[in-house]
Amino acid sequence: MSFEAGCHTLNLHLHVSASNCRPQRMRSNAEIAQEVAGYTDVAKRIIELAVYGKAQNRSYDKLAAFTDTVGSRVSGSDSLERAIKYMYDALRRDGLDNVHLEPVKVPHWVRGEESAVMLPRNHTLPILGLGSSVGTPEGGIEAEVLVVASFEELQKRAAEAKGKMVLYNEPYVSYGDTVQYRAFGATEAAKLGALASLVRSVTPFSISSPHTGWQDYQDGVPRIPSACVTIEDAEMMARMSHLGHKIVVRLSMAAKTLPDADSFNTVAEIRGSEHPEQVVLISGHLDSWDVGQGAMDDGGGAVISWEALSLLRDLGLRPRRTVRAVLWTAEEQGGVGAAQYYQLHKVNISNFDLVMESDLGTFRPLGIQFTGSQKARAIMREVMKLLEPINATVLEEHGEGTDINQWMEAGVPGASLHTVDSKYFWFHHSNGDTMTVQDPMEMNLCSAVWATVAYVIADLEEMLPR
């Protein structure tokens, strides 16, 4: 039995130090609460600087300069590589520790020219092809449209699908429930002989705005073109179909997938003073879709992770453990950059104290969503009390984030930013995801939450229990 494995056999009434495996007395909740309360003044200093002091609006200004300069940043594109270089240079200028790039391979899908027209009315349909979709044959596809509201209705009308273009007019329930039509619509239609699939955009609100996103093909099933249409057009074609009108769409898509491209995860740190090998990881993803500016998804999450380090640096705060910001690449294609980071660093998984990701918008923060043991949750609950001055004390269940899921599944505590995100999916993966969605004061508050939680957890006497 190895020394590390032997540590796990110690009496349950003892706590094992993560740094040297020495058994220590398990501290009571009251003692831990007292330790966390000792950070009240530090938390106030972080909040004061971020929300009212010289760093006020700095995260917003950083994000605006970045997105206005670089724009959208889809995986494999030149613009994503410009974004990574921009951020790498900015982090170095900011005087942060250990700024570096970690190479990864990422998917490279290219949208190309695309159009759709409903005939015989000659009505142009705003569309956005879905990521990984194949293109149409040269000259496009012209086919009658079969409108269905669900996969169940498609199966009931399976005999009608062959040679048609299937339109899913699925009602929006929630992103988690409704995104299945975007992800698997083309495959399910192709199984029945359809020529293409159109998907009502996965959003509760639209101003004639299509929303894109990744979709998945299934091995052994023909790959057919797939694109999102607006809520307005999906509902219009559903009404027309109900009245018995024949609907024909001419679809043209030049989409193609190129060989995987070279890219990078971007990393910067405030190095720990006592246990630099132990890490609190904060993160957002740097890539976006190829529409809008990627300001909300997820430029804001990336920038508040950078800003959290800047706040600690400005205040001269160097915690016991390292606070590491990772700006992921190729999250939109399924967390590709993060998966490669996990494979590279999981050998040191016992040194990862907490992993955090912000990827649901940097709107007004309510608190944190958290995944971890009950003992760790009790500690986090005390940490959240430090954010009472900005009313961001909520501790919800289940940390979220494509890029940190693997860590949480392996037992590492995980957290995500919990915000008033009711409008997030209004702009998600659309041309509407621009700086206009962002609010400087809300970003100040998010930065304060991110920096406070990261610093306090990184500076506590002991790592979070698993």
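Reader: Let's start with a proline. Which loop holds P120?

Author: P120 lies in the loop between β4 (114-119) and β5 (123-124). Keep in mind that this is a predicted model.

Reader: And how do I read the peptide bond that joins L119 and P120: cis or trans?

Author: The general idea comes before the case. Most peptide bonds are trans, and most residues other than glycine have a negative phi. The bond between L119 and P120 is cis, with an omega of about 5°.

Reader: Now the backbone phi angles. What is phi for S132, and where is S132 placed?

Author: S132 is not a glycine, yet its phi is positive, at about 80°. You'll find S132 in the loop between β6 (127-129) and β7 (141-148). With a relative accessible area of 13%, S132 counts as buried, because the cut-off for buried is under 20%.

Reader: What about H429: what is its phi near?

Author: H429 has a phi near 60°, again a positive value in a residue other than glycine. H429 belongs to the loop between α14 (424-427) and α15. Its relative accessible area is 5%, so H429 is buried.

Reader: Which residue just after α9 has a positive phi?

Author: That's G244, with a phi of about 90°.

Reader: While we're at α9, what span should its 12 residues have, and how far apart are its end C-alpha atoms?

Author: Count 1.5 Å a residue and helix α9 (residues 231-242) should span 16 Å; the end C-alpha atoms are 16 Å apart, so the two agree. As for burial, I231, D233, A234, M236, M237 and A238 are buried in α9.

Reader: What does the check on the span of α3 give?

Author: For helix α3 (residues 40-52), the 13 residues should span 18 Å at 1.5 Å a residue, and the end C-alpha atoms lie 17 Å apart, which agrees. The buried residues of this helix are V42, A43, I46, I47, L49, A50 and V51. The cover over those buried residues of α3 includes α10 (295-314) and α15.

Reader: So α15 comes up again. How do I read the packing of two helices?

Author: Two packed helices are described by the angle between their axes and the distance between the axes. Here, helix α4 (residues 58-70) packs with helix α15 (residues 440-459) at an angle of about 110°, and their axes are 7 Å apart. That makes α4 and α15 roughly perpendicular to each other.

Reader: Which residues of α4 and α15 meet?

Author: On the α4 side they are R58, S59, Y60 and L63; on the α15 side they are P440, M443, N444 and S447. By type, the residues of this contact between α4 and α15 split into four nonpolar, three polar and one charged.

Reader: On to single residues. Is A83 buried or exposed?

Author: A83 is buried, with a relative accessible area of 0%. A83 is in helix α5 (residues 78-93). Leaving out residues up to four places away in sequence, A83 touches F66, V70, R73 and L286.

Reader: What does S288 touch, and where is S288 placed?

Author: S288 is in the loop between β13 (275-285) and α10. Beyond residues up to four places away in sequence, S288 touches S72, R73, V74, S75, G294, D297 and E332. S288 counts as buried, at 1% relative accessibility.

Reader: And which loop holds T329?

Author: The loop between β14 (321-328) and α11 (336-345). At 1% relative accessibility, T329 counts as buried. Among the residues that T329 touches, not counting those up to four places away in sequence, are L80, I84, V104, V106, F264 and D287.

Reader: Last one: what is the mean pLDDT of the protein?

Author: The mean pLDDT is 94, and 95% of the residues reach 70 or more. Over residues 1-23, though, the pLDDT is below 50; beyond near neighbours in sequence, that stretch has 29 contacts in the model.

Key. Residues numbered from 1 in each chain as written. Predicted model: local features only at pLDDT ≥ 70, side-chain atom pairs only at ≥ 80, totals over all residues. Heavy atoms only, no water. Axes fitted to C-alpha atoms, helices over the stretch in contact; angles between N-to-C directions. Helix = DSSP H or I, 4+ residues; strand = E, 2+ residues; numbered from the N terminus. Parallel < 35°, antiparallel > 145°, perpendicular 65-115°, else oblique. Contact = heavy atoms within 4.5 Å. Nonpolar A, V, L, I, M, F, W, Y, C, P; charged D, E, K, R; others polar. Buried < 20%, exposed > 50% of the residue type's maximum accessible area, 1.4 Å probe, protein only. pLDDT = per-residue confidence, 0-100. Expected span 1.5 Å × (residues − 1).
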